[in-house]
Amino acid sequence: MVANQIENEGADVGNNSEVTSKFAVPGMDCPSCAGKVESALDKIGAARTYETQPTTGAVIVTYNSASVSQTDIIATIESAGYEVTETPSDESAQQETTEERESIWTSSRALKTWVSGGFVGLGLLFEFLLIGQNIQLASLLDANLFVADALFLAAVASGGQEILRNGYYSARNLTLDIDFLMSVAILGALVASFVFAEALYFEAATLASLFSIAELLERYSMDRARNSLRELMDLSPDEATLKRGDKTEVVSVDRVTVGDTVVVKPGEKIPMDGNVVDGESAVNQAPITGESAPIDKTRGDEVYAGTINEAGYLEIEVASEASDNTLSRIVEMVEDAQSNTTEREQFVERFSTYYTPVVVGFAILTAVGSPFILGTNWPTAVVYGLTLLVLACPCAFVISTPVSIVSGITSAAKNGVLIKGGNHLEAMGAVDVVAFDKTGTLTKGELTVTDVIPLSGNSKQDVLRCARGLEQRSEHPISEAIVAEAGSVGATERRIDEFKSITGKGVRANLDGKPHFAGKPELFEELNFDLSHVHATANEDLITQTVRQICNRSNCLDLLEETVPTLQAEGKTVVLVGTEDELEGVIAVADKIRPRAKQTITHLERLGVSRTVMLTGDNERTARTIATQIGVDEYQAELLPEGKVAAIDDLVDEHDGVAMVGDGINDAPALATATAGVAMGAAGTDTALETADIALMSDDLSKLPYLYELANDANGVIRQNIWSSLAVKAGLAIAVPFGYVPIWLAVLAGDAGMTTAVTANAMRLSQITPGTDTEASASQSWSVHRESSDTLVRRERQDIQCRWETSNMLGRDFNRCARRRYLVSPPPPPSVS
């Protein structure tokens with residue numbers, strides 16, 4: 001047997017013998033199964049840590065390889081009664097797993113179960129219909145054995161083998177689970193029949209046959225949940241067409257290395273992450289990003305393994321190995337997500353440790369006390385006790401949460417949303433407030449230069465040439481937009497040295513030996529510039545339409561009160577460029593709002609989000625314009641990274657749950673502070689995948705309402721599963737001493753029925769898909785969430801007051817108003833044609 005070694009590194013200084021290995025244990029498909037494995041592993045002192053994942057049939061063990069071998073670990077797991085299979089990366093093992101999956105109902109246990117059921121049916125036939133033929137066959141230990149009894153014993157022999165085998169392993173590992181309890185119940189019924197002549201053969205046969213059916217149903221239900229993860233793993237092809245010179249060769253993806261070139265023909269799946277070096281085509285990226293429409297790809301564009309080449313021919317230079325591509329990381333994170341237990345899961349685990357002993361004690365008291373208290377006879381009292389033993393295992397109760405989490409997380413992954421743990425799914429479902437970063441989240445993040453206002457006799461070319469030199473070493477989106485514009489107009493480069501970024505304000509550098517600055521108006525106010533009196537270049541060809549409307553006093557501009565506010569009111573970001581002595585020009589940069597941003601806000605409100613907030617480092621006027629157009633409830637402007645963290649802290653103090661949506665890199669501190677951090681456009685971005693709790697693999701904001709709805713529904717399904725399974729178990733247990741629950745009903749309803757029901761309920765989450773919000777529903781949302789007229793009047797007064805304060809402030813006082821939290825008046829309700 002082979003285990004999949006996923007990590008091998010020294011955990012402590014001087015200790016390089018600690019190994020973490022992952023073992024495939026497909027037979028471990030329930031909490032009680034996992035309990036036996038855990039008990040077995042507890043006996044190995046060299047096993048530092050371990051984690052059992054019954055929903056995926058995997059065991060992850062960290063152990064000291066100097067003290068124990070991988071073979072020892074495998075032997076220990078198998079001592080609990082479960083076979084360790086080959087690793088999923090082994091092709092033969094995959095085929096074997098597929099065959100096992102397809103043969104649940106024709107497996108050896110299933111065949112024994114069907115035989116057992118047949119014997120039970122024949123026994124009932126002789127017991128109630130062929131009474132004359134139900135003759136006595138033998139007499140054993142003062143017990144008379146009839147034909148029906150012999151058939152019932154045959155049913156126990158055929159159907160009870162696996163149960164008693166598993167019960168033996170449970171006793172061996174000191175685990176009080178369903179296998180042990182069912183074994184005790186079956187053996188107890190047989191002992192009562194042979195030793196005390198109570199004739200409980202039918203009850204023993206019913207337990208063996210029906211519980212075997214229940215186990216098959218549970219395995220089938222669990223396999224349905226596992227299939228959702230297997231579908232993710234099956235997305236990436238196993239082979240790639242490798243190009244070497246003029247020849248091509250089909251090889252395993254494991255043989256492809258970084259830098260190789262692979263060929264992908266129309267209709268084929270892309271086997272590796274990489275960049276297109278030849279050809280062009282439309283690629284269906286739905287398996288990774290969830291985008292419904294194919295994306296055009298040409299030379300230089302990035303592509304992902306598992307996506308589908310729709311039409312054209314592509315040659316792709318491989319950028320990462322098969323084990324480290326985007327799809328592999330997604331699958332790995334989905335598998336690892338099970339280790340992050342939710343609060344409900346922790347509650348269930350704590351509760352289950354008390355539940356089984358209490359019910360077992362109740363079973364003993366019922367068997368012993370009911371003849372004295374309720375006047376039942378001893379055979380009936382024993383049957384009551386056996387029935388309660390069947391109900392003592394909390395399998396359906398314990399599995400109700402993890403199976404829902406796996407279903408929700410894998411469903412999200414198939415729709416382009418990566419949730420890195422059940423705790424994050426639970427947290428997202430409890431969110432009251434959603435905070436958004438502006439640039440790259442609510443807007444496209446594709447900034448372009450819209451206005452260039454040359455000052456002090458400089459030309460547009462001079463301003464852009466200076467700005468290019470200052471911004472070309474910065475990675476900020478505004479800098480990239482300015483550099484691109486300078487390049488498009490042919491502005492030449494200047495010699496640059498001593499570059500320095502001034503956090504939250506701008507940049508400084510020496511251009512051709514002379515100090516220059518570029519940044520916010522506040523930066524130049526600190527340099528003691530009088531922004532209320534500057535001169536635009538007289539050449540009318542160099543002055544934009546906006547400036548012409550403002551500049552009516554012999555080219556004299558008041559940047560602070562007129563030019564800058566006007567540009568910012570249009571949603572533009574203003575950058576000033578100059579030296580220590582001279583202001584050379586003004587550059588305005590604008591971003592486009594994402595097409596579905598307003599629709600997303602409306603949809604979130606309709607789903608129950610009580611408050612939406614926009615956080616931005618941009619100026620107050622630009623922020624106000626964007627916020628009003630999108631329709632968020634409020635915004636905060638001119639925030640440095642630490643300011644965004646403080647804003648999230650304030651929101652968390654006020655509300656139970658706060659989600660922060662950002663780019664996953666620049667907003668990492670705020671994402672980490674929020675109850676749930678959501679990164680946009682994380683496909684292929686390692687940092688975003690690592691820092692965020694949840695990652696939207698594409699830049700599609702419409703996935704956010706889907707995520708919120710899925711998380712809400714998942715929390716609802718978990719609550720339904722927990723309380724319904726608990727209620728059914730409790731109801732049946734209370735009814736047993738009064739004779740209302742036969743033993744077959746306890747097996748079918750209390751064990752198999754509830755396990756199947758909670759699994760089927762959890763699988764409903766896979767039916768939730770990203771949808772679109774219509775204009776009509778937006779209008780309906782407005783009518784539902786429309787604020788009172790008093791609130792609107794109050795907001796308008798705040799707006800007027802702030803505008804008055806701003807117009808009468810200079811310098812740092814100007815920022816005091818800008819940094820306050822501004823409420824934005826809602827937009828008018830959309831018209832419905």
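User: In this predicted model, which helix holds P371?

Analyst: The model is a prediction. P371 falls within residues 343–373. That stretch is helix α11.

User: Is P371 buried or exposed?

Analyst: The relative accessible area of P371 is 15%. Buried means under 20%, so P371 counts as buried.

User: Beyond its neighbours within four places in sequence, which residues does P371 contact, and how far is its C-alpha atom from that of A381?

Analyst: With those neighbours set aside, P371 is in contact with T366, T376, W378 and A381. A381 is ten residues from P371 along the chain. The separation between the C-alpha atoms of P371 and A381 is 6.6 Å.

User: W378 also belongs to a nonpolar surface patch; what is the area of that patch?

Analyst: Besides W378, the patch takes in F372, I373, L374, I734, F738 and Y740. Y740 is in the loop between α26 (703–735) and α27 (743–763), and is exposed at 64% relative accessibility. The area of the patch is about 910 Å².

User: Which residues form the negative surface patch, and where does D234 lie?

Analyst: The negative patch consists of D234, D238, E239 and D254. D234 has a relative accessible area of 52%; exposed means over 50%, so D234 counts as exposed. Its place is the loop between α8 (201–233) and β7 (239–244).

User: Why is helix α14 largely enclosed by the rest of the structure?

Analyst: Helix α14 spans residues 422–429 and has eight residues. It is largely enclosed because seven of the eight are buried. Those buried residues are G422, H424, L425, E426, A427, M428 and G429.

Conventions: Residues are numbered from 1 along each chain as its sequence is written. This is a predicted model: local features need pLDDT of at least 70, side-chain atom pairs count only at pLDDT 80 or more; totals for chains, interfaces and linings use all residues. Side-chain values use heavy atoms; hydrogens and water are left out. Helices (H or I, at least four residues) and strands (E, at least two) are DSSP runs, numbered from the N terminus. Buried means under 20% relative accessible area, exposed over 50%, partly exposed in between (1.4 Å probe, protein chains only). Contact means heavy atoms within 4.5 Å. Patches are made of residues with over 30% relative accessible area and no salt bridge: like charges are joined within 9 Å, nonpolar side chains (Val, Leu, Ile, Met, Phe, Trp, Tyr) within 5 Å. Accessible areas come from the Shrake-Rupley method with a 1.4 Å probe; for residues, only the protein chains shown count as cover. A salt bridge is a side-chain nitrogen of Lys or Arg within 4 Å of a carboxyl oxygen of Asp or Glu. Lys and Arg count as positive and Asp and Glu as negative; His and the chain ends are not counted. The place of a charge is taken as NZ of Lys, CZ of Arg, CG of Asp or CD of Glu.
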